[in-house]
Amino acid sequence: QRARAFAEPLLEGETTASGESMLAHADAVADILAAVGGSPAIQAAAYLSYASAQLNRPEEVIGKVFGESFARLAVEAAKLEHVQQRSRANRQDSANESEQAGQQTEFVRKMLLAFSRDLRVVLLRLASRLQTLRHCAAVRKPPSPALLRESHEVFAPLANRLGIWQIKWELEDLVFRAQEPETYRRIAALLEEKRALREAALEQRRAAIERTLRAEGIAADVTGRPKH
């Protein structure tokens with residue numbers, strides 16, 4: 001709450017590269033972090049990382065209010081995002097699209113690895129990228145090919161290696177939705193048609209396992225969920 005109050009006046013009227021309100025983006029990133037078990041501290045850092053870009057001496061100012069650890073994290077996360085945006089813009093200006101695409105993807109991978117000494121920075125970038133794709137899907141704005149490639153080849157595998165499955169599969173779904181909209185809609189419709197059957201089968205299996213356990217004298221509550 002303190003970090004949001006600090007950031008709100010600084011982010012007023014600011015927008016992300018995708019056209020989303022910066023404060024709304026920060027709110028959504030904090031929500032994503034909370035959903036994957038992120039602490040209040042990492043949620044606070046989401047606001048401070050965006051606020052830092054609006055300050056002349058961010059590390060000094062944020063350090064005085066929130067401490068050196070928060071200040072370093074906010075500045076590092078903002079620095080990583082800025083470098084990635086500049087590199088992506090340079091690639092889009094290049095004539096050799098195919099070669100530059102591979103170079104850009106490898107550059108982003110190396111940058112994330114370089115910053116991985118503090119995994120909180122990487123987590124902030126993963127949540128931010130997921131929210132950018134969510135926003136583009138919500139407003140029906142196609143993300144750039146470079147952003148989709150990064151998301152699929154760098155960010156999703158990184159989330160997978162860190163064991164953050166929710167971010168991993170949602171990144172993959174959103175990239176698929178943007179790249180192959182007709183195929184995505186067809187598969188989504190097929191899954192929805194069979195959802196009731198899958199949920200009924202799941203409930204039958206859940207109840208059967210629970211009955212068997214109780215018959216063996218094991219008191220247990222069994223739960224299940226259909227996969228995405």
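My entries follow, from the whole chain down to single residues.

**Ground rules.** I am working with a predicted model, in which local features need pLDDT of at least 70 and side-chain atom pairs count only at pLDDT 80 or more, while totals for chains, interfaces and linings use all residues. Numbering starts from 1 along each chain as its sequence is written, and side-chain values use heavy atoms, with hydrogens and water left out.

**Whole chain.** I looked up the secondary structure and got 10 helices and 0 strands. Here helices (H or I, at least four residues) and strands (E, at least two) are DSSP runs, numbered from the N terminus. Next came burial: of the 228 residues in the chain, 38% are buried. The cut-offs I use are under 20% relative accessible area for buried, over 50% for exposed, and partly exposed in between, with a 1.4 Å probe and protein chains only. I also checked contacts, meaning heavy atoms within 4.5 Å. Among those with a separation of 6 or more, 63% join residues 24 or more positions apart.

**α3 against α7.** Two packed helices are described by the angle between their axes and the distance between the axes. For α3 (residues 40-52) and α7 (residues 119-138) I noted an angle of about 75° and axes 10 Å apart. The axes are lines fitted to C-alpha atoms, for helices over the stretch in contact, and angles run from 0 to 180 degrees between N-to-C directions. So α3 and α7 are roughly perpendicular to each other; the scale is under 35 degrees for roughly parallel, over 145 for roughly antiparallel, 65 to 115 for roughly perpendicular, and oblique for the rest. Which residues of α3 and α7 meet? From α3 I listed Ile 42, Ala 45, Ala 46 and Tyr 50, and from α7 Arg 120, Leu 123, Leu 124 and Ser 128. By class, this contact of α3 with α7 has 6 nonpolar, 1 polar and 1 charged residues. Nonpolar covers Ala, Val, Leu, Ile, Met, Phe, Trp, Tyr, Cys and Pro, charged covers Asp, Glu, Lys and Arg, and the others, Gly among them, are polar.

**Aromatics.** I searched the whole structure and it gave 3 aromatic pairs. Rings of Phe, Tyr and Trp (its six-membered ring) pair if their centres lie within 6.5 Å, and planes under 30 degrees apart are stacked, over 60 edge-to-face, the rest tilted. One of the pairs is Phe 6 with Phe 66, edge-to-face at 5.4 Å centre to centre and 85° between the planes. It links distant parts of the chain, since Phe 6 sits in α1 and Phe 66 in α4 (residues 58-66), 60 residues apart. Phe 6 is buried at 18% relative accessible area, and Phe 66 is buried at 16%. Phe 66 also pairs edge-to-face with Phe 70, at 6.3 Å and 65°. Phe 70 is partly exposed at 23%. I logged Phe 6, Phe 66 and Phe 70 as one aromatic cluster.

**Two loop residues.** Is Thr 16 buried or exposed? Thr 16, in the loop between α1 (2-11) and α2 (22-35), counts as buried at 15%. Arg 140, in the loop between α7 and α8 (145-161), is exposed at 73%. Arg 140 also has a positive phi of about 55°, although it is not a glycine.
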